[in-house]
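Subject: Structure handover

Hello,

Please read them with the model open.

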Amino acid sequence: MHFWVGVFAAPVLVLLALSGLVILYSQPIDDLLDRDLFVVTEGAATVPLDQQVDVAVAHVGSAGTLEAVTPPDRPDHSTRVDFTAADAQAYPAAETDVIQVFIDPYTGEYLGRRDQLSGLVGFANQIHRMFGNDGPQISLPSLGHILDPEAYPDSTIPVGIFNLWYELAATWILVLLMTGVYLWWPRAIESAKPLFTIRWGRGGRIRWRDLHAAVGVVVSLVLIGYIVSGMTWTRYWGENWRAVVATVTPDTEIEAPSTPATVGDLDRLGRRIAWAADSDPVYASAPHATPRTLPVPVSYADVDTIAKSEGMVPGYSIYPPSTTTTHHGDPTYGSYLVINRWPQRLSEQRTLYLNQFTGETIANATADQAGALSKLTSFGIDVHMGTQFGLLNRILSTLAALGVLVLVSTGITMWWKGRRPGTAGRPTPTGARPDGSKKTSYVVAGIAVVLGLLYPVFGVSVLIVLAVEGFLARRDRARRDRARRDRARQPTPERQPAAAR
């Protein structure tokens, strides 16, 4: 099992490790490769933020809709203004790209634009999520609809084929890690086998086996956490998990009028908003006036000043308010949202809702309002992204990604050195069943059942594997039976007539 799952999972592991390293160091890579967009020369004073936004809007024109404004997080960084392309497909038909426009905050000069999914960092994001919900889709049953039909009216979830394949590969990687730990685990018949000692002097396959096992056991403990936390982003299992979290440990509700929109509607790319904030409502702004005499909304500069006074973490984004109309034709005025940059520490997860007409704070949503499972999920995601524990977290993530590359390379080397010339080198049955093998089989079956229930897509794949294996086993038995019958029909020398002898 470890061999065959490794053959299937090794390419995926390499792609995830390499793309994860790029994402982990997105900021320095962007500063290096797109320095003309991100880095500016500090000046004595900045141009008003609204003037910078006007410059960005003028350069995009009707090609996009203003989505967010991100003031500089450092004195030598530019202002970024995000737009959704006018021809972008609506979610969940696809996860649309974002047009990013960069403005020099000191001169108001237009520096350029790019698509968020372009370049090395954008490509790494695409690879790491296996192109998300883009491309061909299938509809699968929604657990949320079963738990709460009112909150989740759709009985199915449209899932991208590539995203589903990623979900399947990630669960099989868990099997790969578990079988690897089992093979490493010391047994009586392997009392001489070292656990963490690498026998460099032995050479050949033994040296690579020791390195593979020692690195694998250490890295497996980290990778299991990364795989489990990464699954919460998948389109199918992640959405179902979100429904379970909302049902079992719901968030604390904030008493304030809200619009039909949610925070997740503002960013369907899942790269600027914390996981726990996705389903939060967008609160409404009370105009304190009739629609014909509405006051002018506060400016981006005012919102930026308020955000700084409220202690928002530099790098936050300002989302403009939107107006929706009820079925009675009455307008509902949205609010400005100021959201701390994601990924971040759990303690920095925060959304500030400001009345668009007065600038008053409507709500201040933090991780404290999240339920227990939601907090745990967000914590796991922040660790996954390398931000929860700062530099230590980034070092750990880097070592884990490099460890994956070591595991794959040593696994391939072990296979190459251990195979006989002219053969595929796949493991073969050892013959005698060791003591306790029946108990081990029960444990393995139990683990497979639990994983199959937790991850239904994996469960279906196990059933398919078992069906194929059963078919091949029956075919092999039939061949052996036919061979025995053929041998039985052939006369032996003792049974042949004397003349024939």
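Leu49, Asp50 and Val53 of helix α4 meet Tyr300, Ala301 and Asp304 of helix α10, where contact means heavy atoms within 4.5 Å. Helices here are DSSP runs of H or I of at least four residues and strands are E runs of at least two, both numbered from the N terminus. The residues of this α4 and α10 contact divide into 4 nonpolar, no polar and 2 charged.

Before the rest, two notes on the model. It is a predicted model, in which local features need pLDDT of at least 70 and side-chain atom pairs count only at pLDDT 80 or more, while totals for chains, interfaces and linings use all residues. Residues are numbered from 1 along each chain as its sequence is written, and side-chain values use heavy atoms, with hydrogens and water left out.

Back to the helix pair. Two packed helices are described by the angle between their axes and the distance between the axes. Helix α4 (residues 49-60) and helix α10 (residues 300-309) pack at an angle of about 125°, and their axes are 7 Å apart. That makes α4 oblique to α10. Angles under 35 degrees count as roughly parallel, over 145 as roughly antiparallel, 65 to 115 as roughly perpendicular and the rest as oblique. The axes are lines fitted to C-alpha atoms, for helices over the stretch in contact, and angles run from 0 to 180 degrees between N-to-C directions.

Asp304, in helix α10, counts as buried at 13% relative accessibility. Buried means under 20% relative accessible area, exposed over 50% and partly exposed in between, with a 1.4 Å probe and protein chains only. Leaving aside neighbours within four places in sequence, Asp304 is in contact with Leu49, Pro71, Tyr316 and Ile318.

For the protein as a whole, the secondary structure comes to 14 helices and 14 strands. Of its 501 residues, 43% are buried. Among contacts between residues at least 6 apart in sequence, 64% join residues at least 24 apart.

Some other helices:

- In α2 (residues 26-33), the buried residues are Ser26, Ile29, Asp30 and Asp31. What covers them includes α1 (2-24), α3 (35-38), β4 (110-115) and α5 (119-128).
- Val215 is in helix α8 (residues 204-231). Val215 and Gly403 are 188 residues apart in sequence, yet 6.6 Å apart in space, C-alpha to C-alpha.
- Thr377, in helix α11 (residues 372-384), is buried, with a relative accessible area of 7%. Not counting residues up to four places away in sequence, Thr377 touches Thr232, Trp241, Val245 and Trp275.
- Gly452 has its place in helix α13 (residues 437-454) and counts as buried at 14% relative accessibility. Gly452 is in contact with Phe458 and Gly459, leaving aside neighbours within four places in sequence. From Gly452 to Thr171 there are 281 residues in sequence and 9.4 Å in space, C-alpha to C-alpha.

Two loops come next. Asp265 lies in the loop between β7 (258-262) and β8 (281-283) and counts as partly exposed at 40% relative accessibility. Asp265 and Ser279 are 14 residues apart in sequence and 8.6 Å apart in space, C-alpha to C-alpha. Pro343 is found in the loop between β12 (336-339) and β13 (350-354). A cis peptide bond joins Trp342 and Pro343, with omega at about 5°. Most peptide bonds are trans.

A cavity is a set of points, on a 1 Å grid over the protein atoms alone, where a 1.4 Å probe fits but cannot get out; lining residues have an atom within 4 Å of a point. Grid points are joined across faces, edges and corners, and a volume is the space filled by probe spheres set on the points. The count by this rule comes to 1 cavity of 30 Å³ or more. The largest cavity has a volume of about 40 Å³. Its lining is made up of Ala261, Leu266, Val282, Tyr319, Pro320, Pro321, Ser322, Ser335 and Leu337, which divide into 7 nonpolar, 2 polar and no charged.

Regards

Technical notes. Ala, Val, Leu, Ile, Met, Phe, Trp, Tyr, Cys and Pro count as nonpolar, Asp, Glu, Lys and Arg as charged, and the others, Gly among them, as polar. On a 1 Å grid over the protein atoms alone, a cavity is a set of points where a 1.4 Å probe fits but cannot get out, and a pocket is an open set with protein on both sides within 12 Å along at least five of seven lines; lining residues have an atom within 4 Å of a point.
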